[in-house]
Amino acid sequence: MAKVPPRECFLMPVVYVGKLKEKVDSFNKLPSSSKTGKLWDSTDDGDMEDVKKFIKDHYKIAQNYRCPYCQQKIEVEHNGSWDAEHIIPKDTHPQFMFEPRNLCVSCKDCNLIKLNKRVLKNQKRVTFPDAADDYLFCHPHYHSYFDHVNIIEGAGFYLPKTRHGVHLVEICGVFR
């Protein structure tokens with residue numbers, strides 16, 4: 001069987017190493033019934049805090065300190081201005097909680113507005129969807145933002161160019 005080439009990625013996914021990889025692998029080995037989005041929230045100052053910090057540190061640099069949804073630039077070194085973002089919500093799909101292509105950082109406004117909104121065409125998906133067309137909106141790893149949304153600088157106006165752009169504007173509420 002021919003090997004399928006990797007899909008094009010517009011954002012470099014985080015790579016876990018050492019103890020961080022061991023922690024993520026331990027989570028991934030849990031039975032499905034034990035995986036919940038609440039595990040992420042309960043890790044504040046706990047066992048996975050170093051993994052969460054590593055994720056934030058990686059993506060704020062990989063994204064050039066820009067929110068992948070509204071493109072706001074927040075150039076600060078501390079992580080308080082950023083939320084670790086689960087593109088497919090961790091509450092509906094906890095099995096993807098530490099999947100590198102399901103992670104990025106977003107501004108607090110976009111993360112709060114997006115929350116647990118539907119982003120997948122097939123909500124019942126159990127394997128990680130790794131194609132741009134599996135998503136309703138612009139996925140930071142699989143879509144080139146400006147192919148789908150035009151920003152009118154100064155006016156804060158977002159003009160969707162495609163259906164993925166329309167959904168991004170709606171899901172993340174960038175008109176605020």
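A disulfide is taken here as a pair of cysteine sulfur atoms within 2.5 Å. By this rule, zero disulfides are counted. The structure is a predicted model, in which local features need pLDDT of at least 70 and side-chain atom pairs count only at pLDDT 80 or more, while totals for chains, interfaces and linings use all residues. Residues are numbered from 1 along each chain as its sequence is written, and side-chain values use heavy atoms, with hydrogens and water left out.

The sulfur of cysteine 104 lies 7.4 Å from the closest cysteine sulfur, that of cysteine 67, which is too far for a bond. Cysteine 104 has 0% relative accessibility and therefore counts as buried (buried means under 20% relative accessible area, exposed over 50%, and partly exposed in between, with a 1.4 Å probe and protein chains only). Cysteine 107 is likewise in no disulfide, the nearest cysteine sulfur being that of cysteine 110 at 3.6 Å. With a relative accessible area of 2%, cysteine 107 is buried.

Helices (H or I, at least four residues) and strands (E, at least two) are DSSP runs numbered from the N terminus. Strand E2 spans residues 103–107, and five of its five residues are buried, so the strand is largely enclosed by the rest of the structure. Leu103, Val105 and Cys107 point one way from E2, whereas Cys104 and Ser106 point the other way. Strand E1 (residues 82–86) runs antiparallel to E2 and is joined to it by five bridges; two strands pair if DSSP finds at least two bridges between them. Histidine 86 lies in E1, and its bridge partner in E2 is leucine 103. Histidine 86 is buried because its relative accessibility is 5%. Residues up to four places away in sequence aside, histidine 86 touches Trp40, Met97, Asn102, Leu103 and Lys114, where contact means heavy atoms within 4.5 Å.

A search of the whole structure gave eight aromatic pairs. Rings of Phe, Tyr and Trp (its six-membered ring) pair if their centres lie within 6.5 Å; planes under 30 degrees apart count as stacked, over 60 as edge-to-face and the rest as tilted. The ring centres of phenylalanine 96 and phenylalanine 128 are 5.3 Å apart and the planes are at 85 degrees, so this pair is edge-to-face. It links distant parts of the chain, 32 residues apart: phenylalanine 96 is in the loop between E1 and E2, and phenylalanine 128 is in the loop between helix H4 (108–114) and helix H5 (145–148). Both of these phenylalanines are buried. Tyrosine 145 and phenylalanine 146 also form an edge-to-face pair, because their ring centres are 5.0 Å apart and their planes at 75 degrees. Tyrosine 145 is buried at 8% relative accessibility, whereas phenylalanine 146 is partly exposed at 43%. Ring pairs also link Phe27, Trp40 and Phe98 into a cluster.

The largest nonpolar core has 44 residues, among which Tyr69 and Phe98 touch the most other members. Helix H1 (18–28), helix H3 (49–62), E1, E2, strand E3 (149–152) and helix H6 (163–172) each supply at least two residues of this core. Such a core is a set of buried Ala, Val, Leu, Ile, Met, Phe, Trp, Tyr and Cys residues joined through side-chain atoms within 4.5 Å.

Glutamate 153 is found in the loop between E3 and strand E4 (157–160) and is exposed, at 68% relative accessibility.
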